[in-house]
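Here's a quick walk through one model, with an eye on packing, rings and sulfurs. Have a look at the structure first, then read on.

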Amino acid sequence: MRPLAYHITWGTYGTRLRYGPRPTVSRDQNQPGTPVLNYDEHLWEREKSNLKYPPVILTREQMCFVEATVPALCERGYWTLHACAAGPDHVHNVLTSEHDPETIRRLLKRWLGQALSDRWPLLPQGRTW
């Protein structure tokens, strides 16, 4: 049975690190009901030290741009968008599609990152997510 909709979300580069004070789930065990990782200051510091670039925080103008751009990207992917909300360090989308949610997430991140980079040179390395 296909879900009614997918809630697809992701964080900006370097802002949603594992083992931090904000609950996270291990990438390789990200299934409904998976327990969150406990805060561990030493592991969190190690995660932060592995970053190659400073964390990306979206401005208000960039958040509005994301919310205005996602509908066209969903049309491009043949997905039905129900809701989109962007925060300084993450993006939420609720959509319906026949396609695989992992593929949708990958394409949304790529296309949206390209659109942001066309408008703002966010980082010299071009990493938004």
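Leaving aside its neighbours within four places in sequence, which residues is Thr24 in contact with? Keep in mind that this is a predicted model. The answer is Arg16, Leu17, Arg18, Tyr19, Val36 and Leu37.

Thr24 sits in the loop that runs between strand 1 (6–11) and helix 1 (41–49). With a relative accessible area of 11%, Thr24 falls under the 20% cut-off, so it counts as buried.

Tyr19 belongs to the loop between strand 1 and helix 1 too. Beyond its neighbours within four places in sequence, Tyr19 touches Thr24, Leu37, Asn38, Tyr39, Asp40, Leu43, Trp44 and Glu47. Take Leu43 from that list: it is 24 residues from Tyr19 in sequence, yet the two C-alpha atoms are 6.2 Å apart. As for Trp44, Lys48 lies over the face of its ring, at 4.0 Å from the ring centre.

## Helix 2 and its bend

Helix 2 (60–77) is 18 residues long, and its first and last C-alpha atoms are 26 Å apart, close to the 26 Å expected at 1.5 Å a residue. There is a bend, though: about 30° at Val70, with a proline, Pro71, following within four residues.

Which residues of helix 2 are buried? They are Gln62, Met63, Phe65, Val66, Thr69, Val70, Leu73, Cys74 and Gly77. Their cover includes strand 2 (80–87), strand 3 and helix 3.

## Helix 3

Helix 3 covers residues 101–119, and its 19 residues should span 27 Å at 1.5 Å each; the end C-alpha atoms are 27 Å apart, so the two values agree.

The buried set in helix 3 is Ile104, Leu107, Leu108, Lys109, Trp111, Leu112, Gly113, Ala115 and Leu116. Note that a lysine, Lys109, is on that list. These buried residues pack against strand 1, helix 2 and strand 3 (90–96).

## Rings that meet

How many aromatic pairs does a search of the whole structure find? It finds five. One of them is Phe65 with Trp120: the ring centres are 5.2 Å apart and the planes are at 90°, so this pair is edge-to-face. It ties together distant parts of the chain, with Phe65 in helix 2 and Trp120 in the segment after helix 3, 55 residues apart. Both Phe65 and Trp120 are buried.

Then there's Trp79 with Trp111, where the ring centres are 5.7 Å apart and the planes are at 20°, so the pair is stacked. This one also links distant parts of the chain: Trp79 is in the loop between helix 2 and strand 2, Trp111 is in helix 3, and 32 residues separate them. Trp79 and Trp111 are both buried.

## Two cysteines, no bond

The structure holds zero disulfides. Cys74 is in none, and its nearest cysteine sulfur, that of Cys84, is 7.6 Å away.

Conventions:
Residues are numbered from 1 along each chain as its sequence is written. This is a predicted model: local features need pLDDT of at least 70, side-chain atom pairs count only at pLDDT 80 or more; totals for chains, interfaces and linings use all residues. Side-chain values use heavy atoms; hydrogens and water are left out. Helices (H or I, at least four residues) and strands (E, at least two) are DSSP runs, numbered from the N terminus. Buried means under 20% relative accessible area, exposed over 50%, partly exposed in between (1.4 Å probe, protein chains only). Contact means heavy atoms within 4.5 Å. The expected span of a helix is 1.5 Å times one less than its number of residues. The bend at a residue is the angle between axes fitted to the seven residues ending there and the seven starting there. Rings of Phe, Tyr and Trp (its six-membered ring) pair if their centres lie within 6.5 Å; planes under 30 degrees apart count as stacked, over 60 as edge-to-face and the rest as tilted. A charge sits over a ring if NZ of Lys or CZ of Arg is within 6 Å of the ring centre and within 35 degrees of the ring normal. A disulfide is a pair of cysteine sulfur atoms within 2.5 Å.
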